[in-house]
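Here is a tutorial dialogue on reading a structure.

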Amino acid sequence: MSTATLDSKPTVPDEIPSFTATIIVRRFDPDKDAEPYWQDFDVVMYGTDRVLDALHKIKWEQDGSLSFRRSCAHGVCGSDAMRINGRNRLACKTLLKDLDISKPIYIEAIKGLPLEKDLIVDMDPFFESYKAINPFLISNTPSKDGKERKQSPVERARFDDTTKCILCAACTSSCPVFWTDGQYFGPAAIVNAHRFIFDSRDEGAQVRLDILNDKEGVWRCRTTFNCSEACPRGIQVTQAIAEVKQAVMRGRA
Amino acid sequence: MPDKTAGTLATTSRRAPVIKPPKRLVGTVYRGREGMWSWVLHRITGVAIYFFLLVHILDTSLVRLSPEAYNAVINTYKTPIMGLGETALVVAIGFHALNGLRIILIDFWSVGAKYQRLMFWIVIALWIVLLVGFVPRQFMHIFGAH
Ligand code: SF4
Ligand code: FES
């Protein structure tokens, strides 16, 4: 090793290592196809690439008709939940190198919501359930002196986990109960109800508990833990549902 | 539909498939973990036990109608086929009971959800211990000397 001089250039490897990944996508075009079908693509990718990059490469270089949702590409907006090798994941948060790239990678739309095209599903039923649990602060007492409503760090920590939800639907569409019973509120709606039920500033807990005590509410949960394993934000979804169940039974938060 | 398997640039041009089309024509099975499979097994054993109970209530109620018919039915239970059925019943009830306790703990124990995976493997271990104790004896009853 010699001391760095002005003419010593930084070393650049001749070639950044790449690999060929086979991506098999479940395609469906309502205008042309009666049934969805699998289509395979070979793409040259790098170790730093994510599943979303592979989908982009297919769309931009091989088949422009491939349809999927994405927006932020950084795990914030919750647009690109899909079933990757049989598990719900965000395409933008799943590195190819974390999958077994010696085998093909299967990608299909999330299950239980109406399929619209390729990887796009109709999210309306999902957001209807979300709206139904009143996902906003309910308070009948005016705040003190018209200022902000104060909360201690302990009170805030009580529902911290469920504030992280990005409404991607990975949890709800991983739930076997939701697949067979689309009326079930689903984990995401319960997570967002939990966020307000256990908020010390909120006074609408009883309203939400009554809604979730419904036949299609929390009691549909069969604790399969698929939701907790699918959640890209690491929310302990089944735990949150269990806490709401307890609150319903005790009749208060 | 072989024409649909190739990655095509335009929808009209057709190329030979690069690799063989996947065998799985339907969607993939969701790859859940312990939680999901314990639920599947719980359902299957639950439904099996339900049908057993149905038959069991019918055969027991026979004794009120005609004790002879009841005895005849009970005697058929001593055949090896029924013995195997009995074994299957104990296997099913064993899992359903132990996993039922696990589910109660998940719902009512504050850290139950956190330890659900560990509890699943404890259930499986206890279940195997139970079967190791029961199945050989049962087989001796069915096939061997009494
Ligand atoms: S709880 Fe997790 S998986 Fe479910 S919608 Fe929110 S972020 Fe997505
Ligand atoms: S694109 Fe926004 S979460 Fe993946």
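Q: What area is buried between chain A and chain B?
A: Buried area is the accessible area (1.4 Å probe) that two parts lose on being put together, summed over both. Between chain A and chain B about 3200 Å² is buried, and carbon and sulfur atoms give 51% of this. This is a predicted model, where local features need pLDDT of at least 70 and side-chain atom pairs count only at pLDDT 80 or more, while totals for chains, interfaces and linings use all residues; side-chain values use heavy atoms, with hydrogens and water left out. Residues are numbered from 1 along each chain as its sequence is written, and chains are lettered from A and ligands numbered from 1 in the order in which they are written.

Q: How many residues of each chain are in contact?
A: Contact means heavy atoms within 4.5 Å. By that rule, 36 residues of chain A touch 34 residues of chain B.

Q: How many residue pairs are in polar contact across the interface of chain A and chain B?
A: A polar contact is a pair of N or O atoms within 3.5 Å; within protein, one must be able to donate a hydrogen and the other to accept it, and residues adjacent in sequence count only if both atoms are side-chain atoms. The rule finds 9 such residue pairs across the interface of chain A and chain B, with both residues at pLDDT 80 or more.

Q: Which element of chain A supplies the largest share of the side that touches chain B?
A: Helices (H or I, at least four residues) and strands (E, at least two) are DSSP runs, numbered from the N terminus. Elements that each supply at least two residues of this side include strand 1 (18-27), strand 2 (37-46), helix 1 (51-62) and helix 8 (237-250) of chain A. The largest share, 6 residues, comes from strand 2 of chain A.

Q: Which classes of residue make up the side of chain A that touches chain B?
A: Ala, Val, Leu, Ile, Met, Phe, Trp, Tyr, Cys and Pro count as nonpolar, Asp, Glu, Lys and Arg as charged, and the others, Gly among them, as polar. That side of chain A has 11 nonpolar, 12 polar and 13 charged residues.

Q: How many salt bridges are there between chain A and chain B?
A: Side chains of opposite charge can pair when their charged atoms come close. A salt bridge is a side-chain nitrogen of Lys or Arg within 4 Å of a carboxyl oxygen of Asp or Glu. The count between chain A and chain B is 2, and over all chains the search finds 21. In one salt bridge, Arg117(B) pairs with Glu229(A), with the closest N and O atoms 2.3 Å apart.

Q: Where do Arg195(A) and Asp199(A) stand, buried or exposed?
A: Buried means under 20% relative accessible area, exposed over 50%, partly exposed in between (1.4 Å probe, protein chains only). Arg195(A) is buried at 19%, and Asp199(A) is buried at 2%. These two residues form a salt bridge, their closest N and O atoms being 3.1 Å apart. By contrast with a pair inside one chain, Arg117(B) lies in helix 4 (residues 116-143) of chain B and Glu229(A) in helix 7 of chain A, so this pair joins two chains. Arg117(B) is partly exposed at 28%, and Glu229(A) is partly exposed at 23%.

Q: Which residues are linked in a network of salt bridges?
A: The network links Asp181(A), Lys215(A), Glu216(A) and Arg220(A).

Q: Which classes of residue form the shell around ligand 1?
A: A residue is near a molecule if one of its heavy atoms lies within 4 Å of it. The shell around ligand 1 has 11 nonpolar, no polar and 1 charged residues. Among them are Cys165(A), Cys168(A), Cys171(A), Cys231(A) and Arg233(A).
Leu167(A) is also in this shell. Leu167(A) has a positive phi of about 55 degrees although it is not a glycine, and is found in the loop between helix 3 and helix 4 of chain A.

Q: What does the side chain of Ser173(A) reach?
A: The side chain of Ser173(A) comes to 2.7 Å from the backbone oxygen of Ala169(A). Ser173(A) is buried, at a relative accessible area of 0%.

Q: How many helices and strands does chain B have?
A: Chain B has 4 helices and 0 strands. Of its 146 residues, 27% count as buried.
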